[in-house]
Amino acid sequence: MFGDELKPIFQQLTQHPGSFLGGFVSGLLRLNLGEDPVKSWLDQQLGYTTYASPTSQAQNGKSGPQSISIE
């Protein structure tokens, strides 16, 4: 009875033990993966670099919100 309900959990545990346990621990500790310091640590582990790109002339020299009209 419980075997059928717990079967997907054990499958994930055996197929991907590292990611399963990492997700399980982060769920227990209620860590938000989108906030620092967890986000910066994950970015560092995955090799991502986050930086603010300089504004360019991609907006044709306009800044701020633009309005559009839908007909």
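Me: What percentage of the 71 residues in the protein chain do buried residues make up?

Reply: The model is a predicted one. A residue counts as buried when its relative accessible area is under 20%. Of the 71 residues in the protein chain, the share that is buried comes to 4%.

Me: How many helices and strands does the protein chain have?

Reply: Read from the N terminus on, the elements run α-α-α. The count for the protein chain is therefore zero strands and three helices.

Me: How far apart are the end C-alpha atoms of helix 2?

Reply: Helix 2 consists of twelve residues, 17-28. The expected span is 1.5 Å times one less than the number of residues, so helix 2 should span 16 Å. The distance between its end C-alpha atoms agrees, at 16 Å.

Me: Is serine 26 buried or exposed?

Reply: Serine 26 is placed in helix 2. Leaving aside residues up to four places away in sequence, it touches Leu31 and Leu33. Its relative accessible area is 15%, and the limit for burial is under 20%, so serine 26 is buried.

Me: Which class of accessibility does valine 25 count in?

Reply: Valine 25 also lies in helix 2. Its relative accessibility is 43%, which falls between the limits of 20% and 50%, so valine 25 counts as partly exposed.

Me: Which residues make the nonpolar surface patch of about 600 Å²?

Reply: Valine 25 has a relative accessibility of 43%, and patch members need over 30%. Valine 25 is one of the residues in this patch.

Terms used
Residues numbered from 1 in each chain as written. Predicted model: local features only at pLDDT ≥ 70, side-chain atom pairs only at ≥ 80, totals over all residues. Heavy atoms only, no water. Helix = DSSP H or I, 4+ residues; strand = E, 2+ residues; numbered from the N terminus. Patch = residues over 30% accessible without salt bridge, like charges linked within 9 Å, V, L, I, M, F, W, Y side chains within 5 Å. Areas by Shrake-Rupley, 256 points an atom, 1.4 Å probe, with all protein chains shown as cover. Salt bridge = Lys/Arg side-chain N within 4 Å of Asp/Glu carboxyl O. Buried < 20%, exposed > 50% of the residue type's maximum accessible area, 1.4 Å probe, protein only. Contact = heavy atoms within 4.5 Å.
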